[in-house]
Amino acid sequence: MPAMNPPIHRNPITAVESPAVGVTIDGLTKNFGKFQALKNVSFSVEPGEIFVLMGPSGSGKSVLLKHIVGLEAATSGRVLINGQDATAEHTLERIRIALVFQAGALFNSLSVYDNLALYPREHRLGDEASIRDKVMRALQILSLENSAQKFPSELSGGMRKRVAIARALVMEPQLMLYDEPTSELDPVMGATISEIIATLKDEYHVTTIVVSHDRELALGIADRVGILMGGELVFLGPPASLRQPTDPRIADFFHPRIDLKNPRFKNLET
Amino acid sequence: MKQLTHFLEGFGSAVQLLFQSARYVGTLPRQRARFIDQCYVIGYTTLPIVAILCFFMGSVLALQSGYSMENFGAKQFIGSLVGLSFARELGPVIVAILVAGRVGSAITAELASMKVYQEVDALVTMNIPPARILVLPRLAAVLVMMPVLAIIGNLIGWFGGAVVCKYVESIAIEPEAYFSALRRYMKFQDVGTGLMKAEIFGFVVVLICCSIGLNTRGGPREIGASVTKAVVVSLISILVLDYFVTKALM
């Protein structure tokens with residue numbers, strides 16, 4: 001049987017082809033003092049895949065994402081991106097990783113245009129005219145071309161998320177990470193963001209990891225889903241198997257019922 | 001013990017930030033716009049308050065020394081006293097204190113909010129070192145602007161002294177006599193020493209404020225706490241350094 005070639009990632013801006021990257025999480029453990037945020041978590045994300053990491057608040061999803069992009073150092077275990085240690089300085093130089101932060105993390109002192117142009121300017125990826133083309137193309141993809149001169153404080157929540165995605169696109173990423181991309185958005189805007197994520201993956205084959213507790217997003221766009229609970233990976237598989245979960249913890253997470261006779265808040269840890 | 005650990009951690013991270021920034025000195029020419037922007041903030045926007053404060057410090061110094069020196073008939077030396085005090089000590093210290101309060105606090109607030117609202121994390125994920133674009137232009141700008149502010153502060157302080165000497169009846173020294181005494185007992189080295197002190201104080205203040213800002217964790221409350229901490233640590237550092245630098249330059 002012939003060996004399968006890795007899927008080809010096509011640059012969203014320049015349409016240049018480059019191999020998509022894979023991510024391996026290997027026995028990742030993270031302690032904050034006595035609190036264990038991640039407990040020996042292991043899984044892989046295939047090149048070109050959309051992997052959605054779900055779990056209740058405080059389950060360690062965002063912490064795991066920060067490890068992938070090198071913002072946190074593991075207590076033990078490691079994160080490999082295309083076989084390279086994610087914490088190594090050269091990894092970020094060789095592999096373009098873009099993280100869309102939960103609150104956007106836009107630079108408030110810069111206009112939308114300058115937010116997007118910062119990366120290519122700082123890395124000297126062409127002259128001002130070619131940077132302008134890249135930025136306007138990214139804004140066009142996200143239907144933001146009329147907001148180029150606005151400042152982040154003038155944008156709605158949904159627009160800020162779209163600008164954050166556009167800023168990530170200008171980086172021409174091989175790996176896109178999204179931290180709660182649909183949180184604080186109305187259902188329609190949440191669906192729009194989900195469509196954008198899926199379109200970017202389908203058209204450009206960017207490897208995508210999404211951290212979310214949005215059930216619709218997971219079931220709608222994920223190739224595979226992982227569920228973290230209390231820092232442990234309790235589920236890894238296709239989204240279809242989450243429609244009728246057998247694990248009561250997952251069933252409760254996916255289909256929570258309001259029980260006024262035995263309210264669950266009585267059993268919450270303080 | 002805990003406070004000592006915090007102090008050593010803070011000192012260590014400031015030194016680390018200094019070395020990180022030094023690595024990118026070669027990028028300064030293409031950070032011209034940021035450098036000029038910081039020169040404007042550190043220099044131009046601080047100038048009015050430097051002028052007001054130095055004028056009145058010079059005036060008060062002349063008034064106080066005139067009152068004391070009259071008793072033993074040494075009024076003619078007021079010019080040299082005000083001149084030397086300002087050039088060697090008051091000028092650099094006042095300007096550094098103003099830079100700490102006016103600019104240092106703003107730097108810490110800006111960097112701390114960038115840190116808290118994940119803008120600094122965004123820079124790191126974009127492989128743009130915060131030391132390069134947030135710290136280096138500020139350090140370079142303060143090195144350029146501190147001597148300018150100190151010189152202007154000295155001139156205005158001397159002028160304040162001259163105004164008091166001329167118009168306060170109990171002193172009544174003409175500006176010619178005042179400035180003649182100032183020139184006679186002052187050497188260029190005195191002014192140079194003061195400028196060097198201003199340079200050191202300003203650089204340390206901006207480094208401390210950047211370091212505290214970038215090490216802020218938490219939320220809006222911590223931003224306020226960081227600003228307070230940065231100003232307090234800067235003021236203490238200025239006065240402690242003042243002793244050692246003065247001793248070293250004597």
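How do the residues of the lining of the largest cavity divide into nonpolar, polar and charged? In this predicted model, the division is 7 nonpolar, 1 polar and 1 charged.

Rolling a probe the size of a water molecule over the atoms shows where empty space is left. Across the whole structure, a search finds 2 cavities of 30 Å³ or more. The largest cavity holds about 50 Å³ of space. Chain A contributes A:Leu99, A:Phe101, A:Ala164, A:Arg167, A:Ala168 and A:Met171 to its lining, and chain B contributes B:Ala122, B:Thr125 and B:Met126. Two elements give two or more residues to this lining, namely helix H5 (157–170) of chain A and helix H5 (119–125) of chain B. Of the elements, H5(A) gives the most, with 3 residues.

The second largest cavity has a volume of about 30 Å³. Its lining consists of A:Ser62, A:Leu65, A:Lys66, A:Leu99, A:Phe101 and A:Asp179, together with B:Gln118. Helix H1 of chain A, spanning residues 61–68, provides the largest share of this lining, 3 residues. A:Leu99 and A:Phe101 belong to the linings of both cavities.

Attention now turns to the pockets. The largest pocket has a volume of about 1,400 Å³. It is lined by 37 residues, and those nearest its centre are A:Leu71, B:Lys115, B:Val120, B:Val124 and B:Pro130. Chain A supplies at least two residues of the lining through helix H2 (89–94), while in chain B helix H1 (2–22), helix H4 (78–116), H5, helix H6 (130–167) and helix H8 (188–214) each do likewise. The element that gives the most to the lining of the largest pocket is H1(B), with 4 residues. The lining of this pocket comprises 15 nonpolar, 12 polar and 10 charged residues.

The second largest pocket contains about 970 Å³ of space. Its lining is made up of 27 residues, among which B:Phe7, B:Gly10, B:Phe11, B:Ile212 and B:Val233 are the closest to its centre. The elements giving two or more residues to this lining are H1, H8 and helix H9 (220–249), which belong to chain B. The lining residues of the second largest pocket divide into 15 nonpolar, 8 polar and 4 charged.

Key: Residues are numbered from 1 along each chain as its sequence is written. Chains are lettered from A and ligands numbered from 1 in the order in which they are written. This is a predicted model: local features need pLDDT of at least 70, side-chain atom pairs count only at pLDDT 80 or more; totals for chains, interfaces and linings use all residues. Side-chain values use heavy atoms; hydrogens and water are left out. On a 1 Å grid over the protein atoms alone, a cavity is a set of points where a 1.4 Å probe fits but cannot get out, and a pocket is an open set with protein on both sides within 12 Å along at least five of seven lines; lining residues have an atom within 4 Å of a point. Grid points are joined across faces, edges and corners, and a volume is the space filled by probe spheres set on the points. Ala, Val, Leu, Ile, Met, Phe, Trp, Tyr, Cys and Pro count as nonpolar, Asp, Glu, Lys and Arg as charged, and the others, Gly among them, as polar.
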